[in-house]
Structures are given as structure tokens and as C-alpha cells.
Amino acid sequence: MSLKNEYLSSLMQRVIERNQGEKEFHQAVREVLESLEPVVEKHPEYIRRGVLECIIEPERIIKFRVPWVDDNGYIRVNRGFRVQFSSSIGPYKGGLRFHPSVYEGIIKFLGFEQIFKNSLTGLPIGGGKGGSDFDPKGKSDMEVMRFCQSFMSELAKHIGSYTDIPAGDIGVGSREIGYLFGQYKRVTNTFTGVLTGKSIEYGGSLARKEATGYGLCYFTEAMLRDNGNTFSDKTVVISGSGNVAIYAAEKATQLGGKVVALSDSEGYIYHKNGIDLRTVKIIKEINRQRLIEYIKVHPDAEYHDNCKDIWSIKCDIALPCATENELDENDAKMLIKNGCIAVAEGANMPSTPEAIQLFLDNNILFGPAKAANAGGVATSALEMSQNAIRHTWGFATVDARLKEIMESIYRKSSAAAEKYGMKGNLVAGANIAGFLKVANAMMEQGVV
Ligand code: NDP
């Protein structure tokens, strides 16, 4: 789809020229600008007041060297990033990703998406994201610790519980958060809620670990119910086998669905009778092994080498929970042909624009990442609240709040889509609802 509005089209051109080679960032901005066409036509003040020009430019980008010593005594050097994109409605908030594919464009795309996602939660959090091209895979615990300490020695200068509160993302789980928190405490001599996703022992929130996956299913259930359906008795395929995928599988099962497949970056498992999550948790969360180990425990399951082929499995509901652009046009065609009725994104931007268009054209219920995976950051904000009042809430309290937030995100996105003449298009609805709150806050705060 091309941008019809002349102003938005020239803005997109400018984004491409000024952020050369950052294709994931271009893709994320284009999708938002496309959704905003009817909004700027109705409200030209957003153009007059330069809101869009400001929102596509990060408030600050921090880029730094991360030297660390490996187990053989060699010095290794990685790159660290933190993009502080928007603080219009609250302090910067967004995860840290440690993966070899990380470069500035990936962090900018994730930070940009985060602005709208955080706004949709209804909680006072701005947008940010960070990370490094460091790969924790194959590193010893001590190497990961030394890397995290070096990374935080620099990052600590730029974050704070009222400034910028990072969390986890791909490659950053509770082990990494622990090392990062320890170093922050050491260099600043403060014990504050500066990171979320912490362990319960030192200020974490119950239900944070489960939140993105559970939230994804709460959102999906709300979307299904609004269209006369539920998870009950549905066959579910989920890509990935990390934090988001595991807890999406857990909640989908609790809601009556049967999860038959999961993947990692090397392959996928198909278990016709339903995946045994206890085995997956032992393999991935405790032993940090590859998913292929699953068939040693369950010889009646199948393992296939190409992770992308997971979308060829017949299912009613597909939940992409691995990484960006993992589900393309051909995968979408296969899902549609096999009778899939709903797709909801646990990962950030997992579907290509062509795949999304196919879902929309074929009336497949489609929950975009910004809305569907906002449960993680929403619960992180609840962790911040608990830290600020020096108190902890029970699992049921946090989980109930998460469910309420996800259902409200569904309603907001659905209502915005309808109001701007795109009923049922939650991509547009989520972008519009997320944008309006931030845009209005920006206008009220003046040119800053
Ligand atoms: P994890 O690091 O816990 O897990 C990522 C999983 O995806 C791993 O199983 C990994 O396999 C797999 N994977 C990576 N690349 C591919 C690929 N090309 N094909 C198939 N599988 C792949 O990360 P999370 O679960 O935390 O994050 C997953 C996604 O969810 C990301 O897009 C993240 O930005 C998003 N997200 C995460 C949130 C959170 O709270 N954690 C919140 C909101 C969004 P392998 O082990 O082989 O690398």
C-alpha cells in the first residue's frame, strides 16, 4: 500500500533518506503513517504542530562500546544501544535485546513501536528500547555476567526509575536482568526499580514472566469472543519457544486450546496430541538446550529442520512469538488455505506487510503486535508501581489487572478502527488509538 496523503508520503521519504539502510525502522514507520492517513485528514493540526515530524525522530540515541573479557582471557568488544524515543506520556520504557542481528535500525523499529504500545496500555510509560549485538548463546554464565556488567557500567549513566526503565527481550531473561541490576546498584549506590522483569526475591512482580504470553491470549480471546468464538477446542500453532511462546502456550491450553507446535531458530516440533509444556520448560528454561531434545522425551512427536515450515501445519489459531518478519506472504497463504481463523502477534512485527494485507483481505481476525503483546510492558509498569510503593501484589491481583488491560486494549483498538472507517482493522485501530494519546500530550507540552 502506498501513502496517498502528500505530506505523509514526503515524511516517509524523509525517514528513508535520513535513516538509510534501516529497513525494519522504515517498515514500522510506514505502517503507522498508513494508518494515520484518515486521522491527519480530519485533524490537520497534527501536521501544523509538527507532531508527526517529532514522533518519528528519537528524543535521544545512546550508542556505546561494550568491552568484556571471555573465559580464555581475550578481550571482546560489542556494541550497546539505547534509543530513548518518546517521553511524552511517561519515562522511557522498553526492553533490551541481546542478539547478533541487533543494530541501530532494529532498536529504532522496536523503540518506535513501543511508543504506541505503551500508550495503548493506558499506563504512564513512554517509549524506548535498547540492546547489543552480543549473543548470550554458547557463553558461560560468567561471560554473560562480565558482559552485562560492562554494558550496565555505561547504560547506568542514562537510565533511572523516573527517567528510563529497561526490561528484557530476546536474549535477556531473568539471569541477564539480575546481572544488570546488580551492576546498576553497585555503580549508583541505589536500590530502585530501575529494571523490570526482576526476580521476585529482589523486587520483581508476580506474573511478569507469564505476562506477554498470557496477555496475548487474553487479547486473542477478547477478539474471538467479539466475533462469536473462543479458544475452546481450537488447534493452535505457536512459533518460538522462548518467554513469550511458552506462556502463550500455557494460557492457550488453559483456555481450552490444543497447542500442537513450537519452534526455535533451527527447527520446529509437531506433537499431534498436544505439546507437553513441562518438557519444553525443562529444555528451554532450565537446561537452555535446543528444541530437538523434545523428541527424545516424546518419541511420538516429530522434529523438522526448517523453523519456517511451522506455518504449513493446519491450525485454527496462529500465534507468531519468535521474531520480526518470520511470517511472510506464502506462510499467510498457507494458513488461510488450511482454514486458520485468527492470527495474533506475540513477537514484535512478526508478519510482513504483505502477509498482514492477506489476513485483512481474507477476513482473518488479526491482532497486531502493538496491541496483542502489550501485556509484558503493562505488567512491567505494574512492577514499577509495586516498587514505588515498596509493596508486592499477589499473582491473582496482577493477572486480573493484566486481563483487564488486554481487554481494554482490544476495545480501544476496535473502537478507533470503527471511528475512522476501518471496522475490524485492528492494525489501523491500534496505531490510531496509541497515537492519539501521545500526540495530544505532545501538543499540550509545547515544542520540546
Ligand atoms: P526469547 O529470547 O525468550 O525467545 C525467542 C525465541 O524465538 C527463541 O525460542 C528463539 O530460538 C526463537 N527464534 C528466534 N529467531 C527465530 C526464527 N527466525 N524462527 C523461529 N524461532 C526463532 O525472546 P522472547 O520470547 O522474550 O521474545 C520473542 C518476541 O516477543 C520478540 O519479538 C520480542 O521482541 C517480543 N516481545 C517480548 C516481550 C517479553 O516480555 N519478553 C514483550 C513484548 C514483545 P533460539 O533459541 O533458537 O534463538
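Which helices each supply at least two residues of the shell around the ligand? They are α8 (208–226) and α9 (243–254), where helices are DSSP runs of H or I with at least four residues, strands are runs of E with at least two, and both are numbered from the N terminus. The model is predicted, so local features need pLDDT of at least 70 and side-chain atom pairs count only at pLDDT 80 or more, while totals for chains, interfaces and linings use all residues. Residues are numbered from 1 along each chain as its sequence is written, and side-chain values use heavy atoms, with hydrogens and water left out.

Select the ligand and its shell next: 25 residues surround the ligand, and the closest are Lys137, Asp169, Thr212, Ser265 and Arg290, a residue being near if one of its heavy atoms lies within 4 Å. By class, this shell has 6 nonpolar, 12 polar and 7 charged residues.

Now display the distances from ligand oxygen atoms. An N or O atom in the side chain of Asp169 is 2.6 Å from one, an N or O atom in the side chain of Lys137 is 2.8 Å from one, and a backbone N or O atom of Ser241 lies 3.0 Å from one.

Colour domain 2 (60–190) and domain 3 (209–372): both give residues to the shell, so the ligand lies between them; the bounds come from an automatic or database domain assignment.

Finally, select the open sheet, in which 5 strands run in the order β1-β2-β4-β3-β5 with mixed pairing, two strands being paired if DSSP finds at least two bridges between them. Its edge strands are β1 (60–69) and β5 (164–167), each pairing on one side only.

Conventions:
A polar contact is a pair of N or O atoms within 3.5 Å; within protein, one must be able to donate a hydrogen and the other to accept it, and residues adjacent in sequence count only if both atoms are side-chain atoms. Ala, Val, Leu, Ile, Met, Phe, Trp, Tyr, Cys and Pro count as nonpolar, Asp, Glu, Lys and Arg as charged, and the others, Gly among them, as polar.
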